[in-house]
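Please open the model in your viewer and keep the sequence panel beside it. The stops below tell you what to select next and what is to be found there.

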Amino acid sequence: MAKIPHGVGPQFPQVVVLVGATGDLARRKLLPGLFHLSSSGFIPDCRIIGVSLENLDAEAFRQLARDALTEFSTRKVAQSDWMRSRTAFNMYR
């Protein structure tokens, strides 16, 4: 996968608060899209904070995100890319 050249995109770390992080839109579109933007280098040092009414901890949210990537991503997600990016996914209630 091509990496984004240095100097393109945000210059500072980003935090994305995803309201409804366990919903259908998040699983089908937002989580895979944010993962691919992050892993391609377009949003480096990004943290994705999920907010939901469901009672999930950070590890359960990471598993939900991984399952969403497996089921809905149009690109194959390498295990090494997932392991490098998985700490960006956090959950708060």
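Helices (H or I, at least four residues) and strands (E, at least two) are taken here as DSSP runs, numbered from the N terminus, and the expected span of a helix is 1.5 Å times one less than its number of residues. Residues are numbered from 1 along each chain as its sequence is written. This is a predicted model, in which local features need pLDDT of at least 70 and side-chain atom pairs count only at pLDDT 80 or more, while totals for chains, interfaces and linings use all residues, and side-chain values use heavy atoms, with hydrogens and water left out.

**The whole chain**

Begin with a cartoon view, where the protein shows three helices and three strands, arranged from the N terminus on as β-α-β-α-α-β. Of its 93 residues, 39% count as buried, a word that stands for under 20% relative accessible area, with exposed meaning over 50% and partly exposed in between (1.4 Å probe, protein chains only).

**Helix α1**

Now select residues 24-40, which form helix α1 with its 17 residues; the distance from its first C-alpha to its last is 24 Å, close to the 24 Å expected at 1.5 Å a residue. Where in α1 does the kink lie? Centre the view on leucine 30, where the kink is about 40 degrees, shortly before proline 32; the bend at a residue is the angle between axes fitted to the seven residues ending there and the seven starting there.

**Leucine 31**

Stay in helix α1 and pick leucine 31, which counts as buried because its relative accessibility is 0%. Setting aside residues up to four places away in sequence, leucine 31 touches several side of the chain's residues, among them Leu18, Ala21, Phe61, Leu64, Ala65 and Phe89, where contact means heavy atoms within 4.5 Å. Leucine 31 and serine 73 stand 42 residues apart in sequence, and their C-alpha atoms are 9.0 Å apart in space.

**Helix α2 and alanine 65**

Next select residues 58-72, helix α2, in which alanine 65 lies. The end C-alpha atoms of α2 are 21 Å apart, which agrees with the 21 Å that its 15 residues should span at 1.5 Å a residue. Is alanine 65 buried or exposed? Alanine 65 is buried, because its relative accessible area is 0%. Beyond residues up to four places away in sequence, alanine 65 touches Leu31, Trp82 and Phe89. The buried residues of α2 also include Phe61, Leu64 and Phe72.

**The largest pocket**

For the last stop, select Ser38, Ser39, Gly41, Arg47, Arg84 and Thr87, which are among the residues lining the largest pocket. Two or more lining residues come from each of α1, β2 (46-51) and α3 (79-85). The volume of the largest pocket is about 200 Å³. On a 1 Å grid over the protein atoms alone, where a 1.4 Å probe is used, a pocket is an open set of points with protein on both sides within 12 Å along at least five of seven lines, and lining residues have an atom within 4 Å of a point; grid points are joined across faces, edges and corners, and a volume is the space filled by probe spheres set on the points.
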